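Hi,

Here is the structure I promised to pass on.

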Amino acid sequence: MGRIALAYSGGLDTTVAIKWLSEKFGAEVVTVTVDVGQEEDFSEVEERAYRAGAVKHYTIDAKREFAEEYVGRAVLMNAMYEGKYPLGTALARPLIVAKTVEVARREGADAIAHGSTSKGNDQVRFDVTAKALAPDLEVLAPARVWGMGREQEVEYAKARNIPVPEAHKKYSIDENLWSRSIEGGPVDDQRLEPPEDAFKWTVQPERAPDQPTYVEIEFEDGLPRAINGERMDMLSLVRALNQMGGAAGVGRIDHIESRLVGFKSREVYEAPAAVILFEAHRDLEKLVLTPRELRLKHQVLDPYWADLVYQGLWVEPLRLALEAAAGEMEKWVDGWVKAKLYRGSVQIVARDSRYGTYSAELADYSRGWYPTDEEARGFIEMWALHSLTALSKRAGGKK
């Protein structure tokens, strides 16, 4: 094997993988770090890769593409896995794989590799996406093969003078523009409240300002395009809402998650922009969509889309079909929503749309429209006929 393109996070697993792949396959390792909004010193990550034995390193700025093409789709589809997780890590993985494949092609690599273990969801996201984009390339996952635990990895690295990155002492953190996930250590005990030192993006709600923050978000074709009258691209908009929401203690998520690999885990996330945008977007949809459109989207299209992405099936053709169906509805989701952010909560307090189907003239109980008694009786009779007929047939019991 000549060359291997390794999706490189800069952490212990992928740093050790550089040398392990080189020794195991006698190959040159090209490392690929994709910037999707994580707070990293990328020059330090690059230096670590070279010191570990990489023959070439790429740092690819994909923040804008991640925001527009991945986060934007998630907003359209109200993508909260099991109603809680905004899919930050799951959304980023297909993009990271795509960029790694691009480098593999450019460098004439025979394989691509990643640092996922056999216990995680990410192995599926990496492998499936890679097989779809580059079926001719072998996909390698050293951490599934080498049989080393964390202590053994550190020993392996020290024996070969590989720089061991400074790891978080208590938690396993994955971060990008859309969310910050916190695992391990104290948060693994579902009986305990997450310690305050696990959080970085959000202030403790009790310590947030005692005055609410109001934010008005404008949507076009279902996508957020402006905050408080200022037009922004998706990257800038998400960053702004992360900051505003985090300062108000908004965006902390704690739930028991049904993992793809067959067990439940306690997951803690910070995602201020996601929480705010989903609340605002769903509210505007309620104003614009018909009841049947709303039920189809919120009960079928949205959760099914989230399931596909979580389960590593970004490449599944059904994802595009779901987006196409939603797109026919979303082209009417124009308007604005005002959200009140206060000590960890998001409350929608006002909204408007030129396509909104709410009518104060119809809804007003004092001066609004009223059907006649005859019209109401006829409607009720027809509406309940199925149920009343069934009840009368079953009144005598089963014979």
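To start you off: which residue in S13 is the bridge partner of threonine 213? That would be leucine 341. Before the rest, a word on the ground rules. This is a predicted model, in which local features need pLDDT of at least 70 and side-chain atom pairs count only at pLDDT 80 or more, while totals for chains, interfaces and linings use all residues. Residues are numbered from 1 along each chain as its sequence is written, and side-chain values use heavy atoms, with hydrogens and water left out.

**Strands**

Helices (H or I, at least four residues) and strands (E, at least two) are DSSP runs, numbered from the N terminus. Two strands pair if DSSP finds at least two bridges between them.

Strand S8 (residues 213-220) has two antiparallel partners to look at. With strand S13 (residues 335-342) it pairs over seven bridges, and with strand S9 (residues 223-227) it pairs over four bridges.

Another hairpin links S6 to S7 through four residues. Strand S6 (residues 172-175) and strand S7 (residues 180-183) run antiparallel and are joined by four bridges, with aspartate 174 partnered by serine 181.

There is also an open sheet of five strands, paired in parallel, in the order S3-S2-S1-S4-S5. Its edge strands are S3 (56-61) and S5 (138-140), each pairing on one side only. Strand S4 (residues 111-113) pairs with S5 over three bridges, and isoleucine 112 has valine 139 as its bridge partner. Helix H2 (residues 42-52) packs on this sheet, touching strand S2 (28-35) and S3, and its direction makes about 155° with that of S3. For that angle, axes are lines fitted to C-alpha atoms (for helices over the stretch in contact), and angles run from 0 to 180 degrees between N-to-C directions. Touching, or contact, means heavy atoms within 4.5 Å.

**Helices H3 and H8**

The axes of helix H3 (residues 63-76) and helix H8 (residues 272-288) come within 9 Å and cross at roughly 45°. Ala74, Val75 and Leu76 in H3 meet Leu277, Phe278, His281 and Glu285 in H8.

**The nonpolar cores**

A nonpolar core is a set of buried Ala, Val, Leu, Ile, Met, Phe, Trp, Tyr and Cys residues joined through side-chain atoms within 4.5 Å. Buried means under 20% relative accessible area, exposed over 50%, and partly exposed in between (1.4 Å probe, protein chains only).

The largest core has 84 residues, and those with the most contacts inside it are Phe66, Leu87, Leu91, Trp178, Leu241 and Trp305. H8 gives the largest share of this core, ten residues. Apart from it lies another core, of 24 residues, among them Leu21, Ala27, Ala111 and Trp146.

Is tryptophan 305 buried or exposed? Tryptophan 305 is buried, with a relative accessible area of 0%, and it lies in helix H9 (residues 291-310). Leaving aside neighbours within four places in sequence, its contacts include Arg73, Ala74, Leu87, Leu91 and Trp314.

Cheers
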